[in-house]
Amino acid sequence: MAKIPYKINLSEEETPRYWINIRAFMKNPVPPMLNPANGEPVPGEALNAFFCEELAKQEMNETDRFIEIPEEVRNFYMMYRPSPLVRAYNLEKVLNTPAEIYYKFEGTNTSGSHKLNSAIAQVYYAKQQGLKRLTTETGAGQWGTALAMACGFFGVELAVYMVKVSAEQKPYRKTVMETYGAKVVPSPSDTTEAGRRILAENPDTGGSLGCAISEALEAAGKAEDCRYVLGSVMNHVLLHQSIIGQETKAALDKYGIVPDIIIGCAGGGSNFGGLIAPFMADRIEGKNNIEFLAAEPASCPSLTRGRYAYDFGDTGKMTPLIKMYTLGSGFMPSPNHAGGLRYHGMSPIVSKLSDDGYIKAAAFEQLRVFEAATVFCKCEGTLPAPESSHAILATMEEAEKCRKTGEKKKILMGLTGTGYFDLGAYRDFNEKKMTDFIPTDDDLEKGFKTLPII
């Protein structure tokens, strides 16, 4: 067979026309969301108070295996998709491994990450519904940037509640969002009741995604022409992100390549769930035996040290109860530099697949993650985001195992985005000012005590 090229490309005709709904393939259904007031399952129409109507339908859909991508969304995708699938020949050489390493790179758009895949879909449905305004939260800023781009394209107003420590670490993210027309509020803030309550309890907090979600939800509830949208965790977000896995599988199929293991970073689960979706569908149906590994930060270890339980999706306890791996909605993560992985819970789909034994997880310390990032950028030419670098480290460890055993595994990795807005983090690493924080069992217990009793 001819040498596999550095980049495996797809033509426009080969790009996916449907998202894949992994829920429709799962043998064991994802547990329903519950009303915290009575413990009863939340009916689909109740979600219309939070989400756009079409997104609420997608959130509850567990029967349709494929959902057509609207033409306007697909046309927007064509401006930056398909994203590159790269054979990491240089990394393989540096690691002296017999393994084949491939990575799907999602950083080729202005937002610098995969987040635009769902942002443009969500704003499209909001525009179709006649909504004028949207609110959201953002951690590292990739989601906020992507949503600002989508809102700017469709002419929809946007308020972004950005985790305070991330807003301080990445001021230029705020500038990009504002350039696209968004209003950015560091969270927790004094602009909402939820924010004021959180600040009263912990005035020095750097914030969390849970805090920012509470503020965005409260703000959305104050206007009829406004809804809340989010960039991870929920089922409809993973649905949109399945464009990543669909493209990846189509590209690999051209060369008859079947991965032995697929690795992605995991915070809320959107990029990881999207990358694995078509491969997981086949795994569930017995068509492959691929391993799936979620790489998360040791400072916020929901999959590796959390509990599979019903919990609120936000710190202010405004959401329905969601069955997921969680550290408790009251858990306050340390201000590590992987802001996109600073969420207390994990996607209910990823959580259920993990609980059923389809997914393994590993947690990594921040310093080791940045060491892996510098190795990668020197040989592969891309400065990776801190979030993505968790997957890089996990991939390097897997490749090292192959070096020792001689096994010629095919490793597929998700490279979710670029690190050009994370230069402060790289500066801290280079100047040896970066530290690790791993929560103790006592630290985690404080979060577990906030789990609801149902």
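1. Let me start with the rings: there are 14 aromatic pairs in this model, going by the ring-centre rule. Bear in mind as you read that the model is predicted.

2. Are the two partners buried or exposed? F76 is buried, at 7% relative accessible area, while F153 is partly exposed, at 48%. The cut-off for exposed is over 50% and the one for buried is under 20%, which is why F153 falls in between.

3. Next, look at Y103 and F376. Here the centres are 5.3 Å apart and the planes meet at 70°, so this pair is edge-to-face. Y103 is in strand β5 (residues 100–105) and F376 is in helix α14 (residues 366–380), and the pair links these distant parts of the chain, 273 residues apart. Y103 is buried, with 4% relative accessibility, and F376 is buried as well, with 0%.

4. Back to F76 and F153 for a moment: both belong to a cluster linked by ring pairs, whose members are F76, Y77, Y80, Y124, Y125, F153 and F154. If you colour these residues together, you can follow the ring pairs through the cluster.

5. Now the nonpolar packing. Which residues touch the most other members of the largest nonpolar core? They are W19, M280, F292 and I359, in a core of 104 residues. Take M280: leaving out residues up to four places away in sequence, M280 touches I22, F292, L353, Y358 and I359. Two of the names on that list, F292 and I359, are themselves in the group with the most core contacts. Apart from this core lies another one of 29 residues, including A295, A372, I392 and I411.

6. C265 is in strand β10 (residues 261–265) and is buried, with a relative accessible area of 1%. What does C265 touch, once residues up to four places away in sequence are set aside? The list is N271, F272, A295, L341, E387, S388, H390, A391 and T416. One of these contacts, A295, is also a member of the 29-residue core. As for A148, which is 117 residues from C265 along the chain, the two C-alpha atoms are 24 Å apart.

7. S166 is another one to click on. S166 is in helix α6 (residues 164–169), and its relative accessibility is 0%, so S166 counts as buried.

8. On to empty space. Rolling a probe the size of a water molecule over the atoms shows where such space is left. How many cavities of 30 Å³ or more turn up? The count is 4.

9. Some backbone geometry to check. Most residues other than glycine have a negative phi, and most peptide bonds are trans. The bond from R81 to P82 is cis, with omega near 5°, and P82 sits in the loop between α2 and β4 (85–87). S187 and P188 are also joined by a cis peptide bond, with omega about 10°. P188 is in the loop between β8 (183–187) and α8 (193–201).

10. Then the positive phi values. V233, not a glycine, has a phi of about 70° and lies in the loop between β9 (226–228) and α10 (235–253). K432 has a positive phi too, near 60°, and is in the loop between α16 (423–430) and α17 (441–448). Which is buried and which is exposed? V233 is buried, at 7% relative accessibility, whereas K432 is exposed, with a relative accessible area of 75%.

Notes. Residues numbered from 1 in each chain as written. Predicted model: local features only at pLDDT ≥ 70, side-chain atom pairs only at ≥ 80, totals over all residues. Heavy atoms only, no water. Core = buried A, V, L, I, M, F, W, Y, C linked by side-chain atoms within 4.5 Å. Buried < 20%, exposed > 50% of the residue type's maximum accessible area, 1.4 Å probe, protein only. Contact = heavy atoms within 4.5 Å. 1 Å grid on protein atoms, 1.4 Å probe; cavity = no way out; pocket = protein on both sides within 12 Å on 5 of 7 lines; lining within 4 Å. Points joined across faces, edges and corners; volume = space filled by probe spheres on them. Phe/Tyr/Trp six-rings, centres within 6.5 Å; stacked < 30°, edge-to-face > 60°. Helix = DSSP H or I, 4+ residues; strand = E, 2+ residues; numbered from the N terminus.
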